Amino acid sequence: MLTMQVQNVPWLVIVITLPLVGSLLCFLLPQQAKKLGLMTAFTIAASLIGLLFQVLDQGAQRYTVGGWDAPLGINLYVDGLSLLLLLMTALVGLGISVYATAYFNRDKTVYYWPLWLLLWSALNALFLSADLFNLYVCLELLGLSAVALVAIAGGADALGAAIRYLLVSLLGSLFYLLGVALIYHSVASVDIIIVAERIDATPPILAAMGLMSAGLLFKTALFPMHFWLPPAHANAPAPVSALLSALVVKASFYILLRLWLDVFPLPQEVLGQFLGLLGAAAVIWGGVQALRQTRLKMLIAYSTVAQIGYLFIAFPLATSIAWKGALYLLLSHALAKSAMFMAAGNILHFGGHDTILKLDRVAQRLPLTVAAFSLAGVSIMGLPPSGGFIGKWLLLNAALQAGEWWWALVLIGGGLLSAGYIFKVVGFAFTQTEASHEVHHVPAAMQWTAFMMALAAILVGLIAPWPLALMDIGLPFEMVVNKGSNG
Amino acid sequence: MSLDSVFPLFILATSLVPGLIIFFLPESAVRTRISLNMGGALIKVFLVGIVIWGVFNGHHYETRLPFLPGLDLVLRIGALSILFVTLSTGLWLVTTVYAIGYLEDSPHRSRFFGFFSLCVTATIGIALAGNLITFLLFYELLTLATYPLIVHRGTEEARHAGRTYLVYTIMGGALLLIGTVWLYGITGSLEFVHRGFVSAIVDTHRSSLIIIFVLLIAGLGVKAALLPFHGWLPQAMVAPAPVSALLHAVAVVKAGAFGIVRVVHDVYGVEVAVSLGVTLPLAVLAAVTIIYGSVRALFQDDLKRRLAFSTVSQVSYITLGIAVAGPIATIGGLVHLVHQGVMKITLFFCAGNLAETLGIHKISEMNGVGRRMPWTMAAFTIGAFGMIGAPPLAGFVSKWYLGLGALDAGQDWVIFVLAGSSLLNAAYFLPVLHAAWFKEPVGQWPHEHIFGRMETAWALLLPPVFTAFLSVALGLFASVPFSPLEWARFVTSLEFAP
Amino acid sequence: MSLSELLLFFVPGFPLLLAIPLLHRLLPRAEYLAILPAAMLLSLPENIFVETPWLLFGAGLGSNTETRLLLMMSVVLWIFAAFMQNVHASRNSNSEANNYHSTYFFLTLSGHLGAILANGLVGFFAFSTLIGYGFYGLLVETGNDTVKKAGRIYICFIIVADLLLFEAALLAATVTDDMGFDAVRAAMIDSSVTGLYMTMVLIGFALKAGFWPMHHWLFLTFRSVRPATAMLLAGVPVAMALLGTLRWLPLGEISVPGLGLLIQGIGGVAIMYTVLAVLIRRQHNHPAAYVTLTATGLFVIALGAVFIEPVLWDLYASPMFYAIVLLSVGLALLTIIIRWTDTTASNQKPLDTVLLYGCWSEKLISWGRRMGFELLPRLRNVFLVYVQSLWRVSFWQKNLQIGEYYLQRWSLAVTILLLIGVTIVTSLIIE
């Protein structure tokens with residue numbers, strides 16, 4: 001009986017509205033913001049578990065809001081891919097929430113929680129949207145709340161980065177919107193399924209595809225349009241950096257992936273190779289730049305640039321294994337990167353600076369943080385046993401099976417570069433220097449959250465069959481053959 | 001889930017669980033730490049004993065966990081695994097005792113012993129791996145677990161050595177990964193099978209198989225200190241003596257050599273490898289490494305560096321034995337895996353004793369040490385003579401089989417390599433012995449610790465004496481049933497077609 | 001295992017055990033005790049054999065008439081040596097040095113007894129190695145420079161000899177599984193490797209015996225080592241090496257005229273050399289050395305004769321054997337007598353090489369040392385300097401910095417954005 005009841009609850013809607021409500025409450029009751037925020041985080045996680053059970057039992061779900069079906073109303077759709085990303089968001093979001101309760105002081109807390117929950121809601125909605133305009137709305141909301149969160153830190157660096165981020169976000173979304181408009185003009189609908197059926201390779205559609213892709217690539221910070229990411233991610237407060245690197249960039253990637261799989265007429269071999277090429281360049285460039293950095297958070301931000309490049313290597317390969325590999329990398333990167341930024345936040349809080357060369361004074365006194373950073377680093381490097389290794393393995397497999405061995409070389413080269421910059425930092429944990437005098441105590445919540453996130457990144461590598469099976473629900477990677485045939 | 005299928009996990013857990021617990025212990029919890037360490041080591045010895053008895057009685061121990069689509073994580077206890085597992089377990093126990101004595105009152109002991117246990121876990125995992133992906137997993141884990149041990153002291157030198165180590169081993173790991181993925185792509189399986197699993201596709205994928213072999217051997221050769229990947233080993237000598245002992249006798253180099261054995265026998269199969277023509281270049285490379293390591297060892301004044309180059313040379317004996325690809329030579333290579341481990345660990349323990357008790361790091365400071373520390377130097381003498389190959393020590397047995405195997409397989413040039421190497425071994429070990437026993441000490445010892453009436457602490461003295469005794473026993477009683485020699489014979493009989 | 005077989009084990013085993021300083025300090029008169037099992041073995045008239053397949057590779061020990069004779073000789077020799085050692089010890093009271101002297105004493109004793117009793121190739125080889133290193137200890141223990149030089153040469157020869165004997169044993173192992181002396185000799189009668197085997201064995205044992213032209217260490221040793229050790233010199237290393245040739249080689253079975261003539265020639269030259277040396281140098285060296293060299297020369301001539309005419313072996317077997325015994329005992333006596341009568345023996349002038357090429361071994365060693373420690377490292381340094389100059393990081397650093405800077409300019413960014421859009425569209429059109 002209970003399971004029956006659980007199955008019938010519209011978890012899709014709950015998952016979107018719960019954070020919205022929470023955000024509103026936090027805004028209205030600033031004194032209770034911390035407690036409310038944390039409670040909301042836990043309830044969102046719980047409702048996602050409900051959604052998980054529902055999808056496991058009943059397969060991919062489609063929900064029509066208000067009973068009005070497309071092309072008039074809004075549809076929500078969840079399949080394995082969306083579910084995976086939702087779960088990832090929930091897990092990382094939970095960790096970030098716990099971390100943020102200990103991180104922010106009184107005044108900043110008031111700003112943080114409403115914005116963070118708004119962002120979470122936009123993220124959830126984005127993963128569940130089934131039409132293009134809805135995606136635009138969520139994307140815009142996401143961008144705006146992210147910009148606001150970056151600006152919380154205050155100070156010239158943060159504000160400058162936030163303004164740049166704002167301009168980038170608006171530009172990207174603008175391009176995307178233009179594309180949607182063009183598509184709507186040609187196809188008379190924005191629902192993904194309907195668009196996929198009616199789409200044709202006419203010039204307006206092609207232009208739309210170009211615009212949308214360019215905009216989304218801009219927002220995903222693919223090389224060479226990544227310049228805005230490092231300052232934004234490095235100058236934001238630690239929990240914000242974590243959620244930016246782990247979740248926000250992935251959202252635009254998700255949209256691009258959906259478009260690629262469901263909407264764009266195939267085949268796209270040249271485009272795929274082009275994207276792969278940009279991805280490879282991102283891997284190399286990001287890795288090399290990360291090696292050069294003197295500040296820890298900048299290093300981690302450039303590492304994000306490199307890891308995003310990995311994701312695009314799946315495009316030229318375009319097999320189910322390749323997509324799964326990219327998504328596994330995405331998942332483990334989210335966990336590992338959030339752990340890294342949290343660790344960096346701890347170090348910053350402890351010593352007041354994050355200059356890498358002076359890290360040794362700090363690292364000795366924070367073994368848990370260093371352990372978190374190292375474990376996260378293991379996943380970023382793609383060493384077993386970690387989620388990063390699983391993703392790397394799958395991509396390598398796909399590359400060698402397709403006979404395109406140069407992507408394999410890029411993957412390996414990226415791994416070596418990441419080993420370089422990870423161990424550059426970790427090496428400082430083992431020196432003989434005395435600890436510095438001015439230290440601020442780091443709350444246990446912050447240290448343990450970072451560690452748990454990193455541990456999750458490792459554990460995700462040991463349970464690989466389950467997420468992989470999860471991704472297959474709803475067969476998102478089966479590219480429909482008869483796309484673009486009828487009008 | 002029968003007991004048989006969980007047993008390998010138990011063996012892993014006996015070092016993993018204490019290690020993880022030790023990480024969280026405060027520095028002052030000395031007794032807890034010691035009891036965890038020793039307890040884990042003793043239980044593991046006990047478990048390995050049970051397993052050997054079980055295998056002898058026909059039990060089949062295998063753990064299978066789903067890991068990747070189409071690939072499982074497999075831990076299997078077969079004949080070859082037992083050889084390496086026994087070596088690792090026994091020597092871990094001895095090294096734990098030594099490390100407890102060596103690091104008394106050092107900082108960061110919890111961290112050290114935590115990573116120490118992880119290192120052993122990784123080694124046992126490598127020994128028990130039942131397919132190439134499990135092997136790869138534990139191989140990389142070994143890299144990650146040994147790095148903190150090398151940089152433990154925290155000096156600039158140690159960090160530099162650690163960096164060099166990482167560069168080499170991570171690149172080696174990358175090569176191994178590419179080789180593995182490629183192999184999986186063309187064969188669809190990575191399970192270790194007696195006499196290899198690639199024979200079906202030899203004709204169609206000849207060049208791919210050759211390149212994969214090169215990649216795999218290059219990746220493994222980094223840890224096995226094959227030329228030109230041996231550069232990290234002498235630099236890693238800045239680590240504390242228990243780490244050098246562990247690295248050079250048990251964990252890292254042997255893991256690399258063991259991997260080469262696995263690749264040649266259980267992935268490719270000897271006949272396939274010979275038909276691909278890859279064994280002769282490997283044998284030549286091993287031979288060059290043997291001579292090169294010995295020559296470099298002649299010029300070193302630092303004792304541990306000399307021993308490091310000696311290791312570079314000696315581990316390649318194993319590779320040479322495997323690459324000569326005859327049954328007797330394979331026996332020689334496999335048995336040398338065990339014998340060299342025992343002898344080398346003796347030498348490193350003694351070097352550590354000299355450093356700890358008298359502050360001696362260089363050979364030029366070793367004049368007359370034999371009078372001050374007779375038991376240590378006696379153990380060192382036995383180890384050194386074993387390396388030279390004097391009968392009836394363990395080294396003689398393995399050199400005998402290697403030489404005989406080479407003659408048997410028609411590779412007569414190997415005899416010259418072995419002879420030259422023995423000469424060089426004598427040239428760099430005998431002066432050390434001569435200086436220690438027959439020369440007069442020059443002034444004061446650099447930095448002396450008095451340990452009461454004994455020449456040095458109990459925990460520092462017992463391990464080298466024990467392993468020296470073991471070297472003699474392994475040589476003298478080599479033909480006893482259940483000796484490493486007989487076990488190596490058994491393993492070889494499985495790998496070669498009757 | 002019967003008591004007598006156990007006794008066989010004790011004969012070499014007991015001295016080996018006593019070599020541990022802790023143990024022989026406990027027992028009084030340890031040196032004499034060590035010889036006791038051997039003496040006890042002598043009292044047993046019958047032939048005893050013991051095979052131990054689980055020991056090493058199946059080595060065995062055995063005693064028959066021949067070995068009993070040798071054993072008797074050795075017992076006598078070592079009792080005298082022990083006696084002289086005790087006399088020497090009571091004169092010099094440096095107890096520490098004496099302790100280690102006892103260790104080497106016991107090691108050499110054990111090796112000697114074991115080599116006599118050994119029944120197979122591997123066992124003999126093992127004990128012969130023990131003799132070599134133990135005797136080196138006895139040599140260098142004395143401490144003066146001459147004997148150190150002698151020791152250096154000796155150890156080099158020992159190492160090479162051991163290597164050659166090891167290879168010879170390997171060759172034997174390829175033709176036969178059973179490594180007992182009889183089996184090896186039988187297998188060597190007609191096999192492809194006989195010639196190589198015999199050459200290696202001969203050279204190896206010649207090195208161990210200090211036979212001409214590798215006699216230099218022998219001469220040095222006789223002069224400068226203490227009496228006890230000098231006495232053992234002929235009886236232990238030299239005699240055992242000669243015994244080795246008798247045991248390892250398939251004498252009397254095969255005929256190798258060429259080799260036989262060569263050996264005879266060398267033996268003859270050795271004797272001539274000795275005569276010349278005596279005449280030219282006029283007893284500058286210890287007479288025992290010359291006697292040894294002559295004796296071994298004669299031995300070798302006999303050996304050569306056997307190679308030429310196998311039948312002669314039946315004739316020569318026992319005399320050669322007795323010759324070994326005689327050599328040991330006789331030279332021991334000679335040494336003692338000379339030492340006691342010539343108390344100024346320690347003031348000898350340093351030996352300048354007899355007939356020039358006696359120092360060839362030293363020249364070889366010093367050349368090797370020069371090459372190894374100077375030439376090769378210098379070459380390596382040059383190479384390393386060259387390689388280092390290829391690594392320059394600063395160039396890369398600067399360019400990367402510039403690249404990242406330019407990417408951040410808005411104009412460039414927007415241009416790139418539009419370009420990418422165009423590229424995407426073009427690529428889609430191309431499809």
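Reply: In this predicted model, the residues C:Leu218, C:Phe219 and C:Phe222 of H10(C) meet C:Ala288, C:Ala289 and C:Thr292 of H13(C). Sorted by class, this contact between H10(C) and H13(C) has five nonpolar residues, one polar residue and no charged ones.

Now for the geometry. A pair of packed helices is described by the angle between the two axes and by the distance between them. Here, helix H10 of chain C covers residues 216–224, and helix H13 of chain C covers residues 287–308. Their axes come within 8 Å and cross at roughly 145 degrees. As for the hand, H10(C) and H13(C) make a right-handed crossing.

Chain C has 431 residues, and 47% of them count as buried. If you take the contacts in chain C between residues at least 6 apart in sequence, 78% join residues at least 24 apart.

Chain C also has a neighbour to meet: 23 of its residues are in contact with 25 residues of chain B. On the side of chain C that touches chain B, helix H6 (121–141), helix H7 (145–175) and helix H15 (360–388) of chain C each supply at least two residues. H7(C) gives the most to that side, with seven residues. By class, the residues of chain C on that side divide into 17 nonpolar, four polar and two charged.

How values were computed
Residues are numbered from 1 along each chain as its sequence is written. Chains are lettered from A and ligands numbered from 1 in the order in which they are written. This is a predicted model: local features need pLDDT of at least 70, side-chain atom pairs count only at pLDDT 80 or more; totals for chains, interfaces and linings use all residues. Two residues are in contact if their C-beta atoms, placed from the backbone, lie within 7 Å. Helices (H or I, at least four residues) and strands (E, at least two) are DSSP runs, numbered from the N terminus. Ala, Val, Leu, Ile, Met, Phe, Trp, Tyr, Cys and Pro count as nonpolar, Asp, Glu, Lys and Arg as charged, and the others, Gly among them, as polar. Axes are lines fitted to C-alpha atoms, for helices over the stretch in contact, and angles run from 0 to 180 degrees between N-to-C directions. A crossing is left-handed if the near helix is turned anticlockwise from the far one by less than a right angle, and right-handed if clockwise. A residue is buried if 20 or more other C-beta atoms lie within 10 Å of its own, exposed if 12 or fewer, and partly exposed in between; C-beta atoms are placed from the backbone.
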